[in-house]
Amino acid sequence: MSFLPDKNTDYASMAYWNERYGTEESFEWCKSYAGFKDLIRKEVQPTDRILMLGCGNSSLSEDMYRDGFHQITNVDYSTVVVENMKNRSAEARSMQWLVMDIKDLKFESGSFDVVLEKATLDALLVGERDPWRLSENSRILMDEILIQVSNVLSSNGRFISITFAQPHFRKRLYARQHYGWNIGTETFGDGFHFFFYVMTKGERLSEQDAQLQSTWSNHNLESQSTVARLQEDNNDDSYLNSIEM
């Protein structure tokens, strides 16, 4: 069954996700855990308190739980998917599942050692037509979310972002001094590469990344490469190729 929406901006709609999650059992964006678990193991300790942003119906939390990461809190703004996920497996029943919008995180400062998102921010940016020149609304939205992510991270905590978006697009969003972190980048995947960003709180931006701040509100940037597009991973949802980032 295809879950192709009427328009790409539906990926940012709660109604779309509630309807989709009502019938879809599971879907993986940016590959499954096996494709990047070595990167996770480098950055995450079994004792870390982990927040999964926009968990959806991915098996990522369950796979990580089986791999020894047991302190996982999952949030999603879809009541449908949170209720579905709570009892999907023994691993799921051992975790916390909360209905919560990532634009309004209800946690105290320093509550988590790791905040992890996999293509959640991508879904919020699907309405953008030119990744070099984001709209004012999207820039404000991303800043509001990332300020909250930084706030809930503990000292030396890591924000891990797994995404389709290439560094020349996405690092401009993450490279702001007031988040109080640096940026590391890894890639994974065969043929088509996905990107694994690690922002460590309490470490300074590199000089090169700090210079990216000047492009944050520059509306005169010319497009320098083709738009990155979502790619499917062992699913028959060809619509992923039409989502521009």
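This is a predicted model: local features need pLDDT of at least 70, side-chain atom pairs count only at pLDDT 80 or more; totals for chains, interfaces and linings use all residues.
Start with the largest nonpolar core. This core holds 31 residues. Six of them touch the most other members: Leu51, Val115, Leu121, Phe159, Tyr174 and Trp181. The largest share, 6 residues, comes from α7. A second, separate core has 30 residues, including Val44, Ile50, Val81 and Ile162.

Now look at leucine 51. Setting aside residues up to four places away in sequence, leucine 51 touches Thr73, Val75, Leu105, Phe107, Phe112, Val114, Val115, Leu116 and Val152. One of these partners, Val115, is also listed with Leu51 among the core members that touch the most others.

Next comes helix α7. α7 has 17 residues. From its first C-alpha to its last, α7 reaches 25 Å, close to the 24 Å expected at 1.5 Å a residue. Which residues of α7 are buried? They are Ser138, Arg139, Leu141, Met142, Asp143, Ile145, Leu146, Gln148, Val149, Ser150 and Val152. An α-helix has 3.6 residues a turn, so residues three or four places apart point the same way. Look for that spacing as you read along the helix. What covers the buried residues of α7? The cover includes β1, β4, α6, β5 and α8.

Turn to aspartate 48. Aspartate 48 lies in the loop between α2 (37–43) and β1. Is this residue, aspartate 48, buried or exposed? Aspartate 48 counts as buried because its relative accessible area is 8%, and the limit is under 20%. Its side chain has polar partners. A polar contact of 2.6 Å joins the side chain of aspartate 48 to that of arginine 158. A polar atom of the aspartate 48 side chain also lies 2.8 Å from the backbone nitrogen of glutamine 45. Leaving aside neighbours within four places in sequence, aspartate 48 is in contact with Glu43, Gln71, Asp113, Val114 and Arg158.

Serine 58 sits in another loop, the one between β1 (50–53) and α3 (60–66). Serine 58 is buried, with a relative accessible area of 10%. A polar atom of its side chain lies 3.0 Å from the backbone nitrogen of leucine 60.

Methionine 100 is in the loop between β3 (96–99) and β4. Methionine 100 is buried, also with a relative accessible area of 10%. Not counting residues up to four places away in sequence, methionine 100 touches Val75, Asp76, Tyr77, Leu105, Lys106 and Phe107. Valine 82 is 18 residues from methionine 100 along the chain. The C-alpha atoms of these two, methionine 100 and valine 82, are separated by 9.5 Å.

Finally, check the backbone angles. Most residues other than glycine have a negative phi. Which way does phi go at alanine 119? Alanine 119 has a positive phi of about 65°, although it is not a glycine. Alanine 119 lies in the loop between β4 and α6. At 7% relative accessibility, alanine 119 counts as buried. Asparagine 156 also has a positive phi, of about 70°, and is not a glycine. Asparagine 156 lies in strand β5. Asparagine 156 is partly exposed, with a relative accessible area of 47%.

Methods. Residues are numbered from 1 along each chain as its sequence is written. Side-chain values use heavy atoms; hydrogens and water are left out. Helices (H or I, at least four residues) and strands (E, at least two) are DSSP runs, numbered from the N terminus. Buried means under 20% relative accessible area, exposed over 50%, partly exposed in between (1.4 Å probe, protein chains only). A polar contact is a pair of N or O atoms within 3.5 Å; within protein, one must be able to donate a hydrogen and the other to accept it, and residues adjacent in sequence count only if both atoms are side-chain atoms. A nonpolar core is a set of buried Ala, Val, Leu, Ile, Met, Phe, Trp, Tyr and Cys residues joined through side-chain atoms within 4.5 Å. Contact means heavy atoms within 4.5 Å. The expected span of a helix is 1.5 Å times one less than its number of residues.
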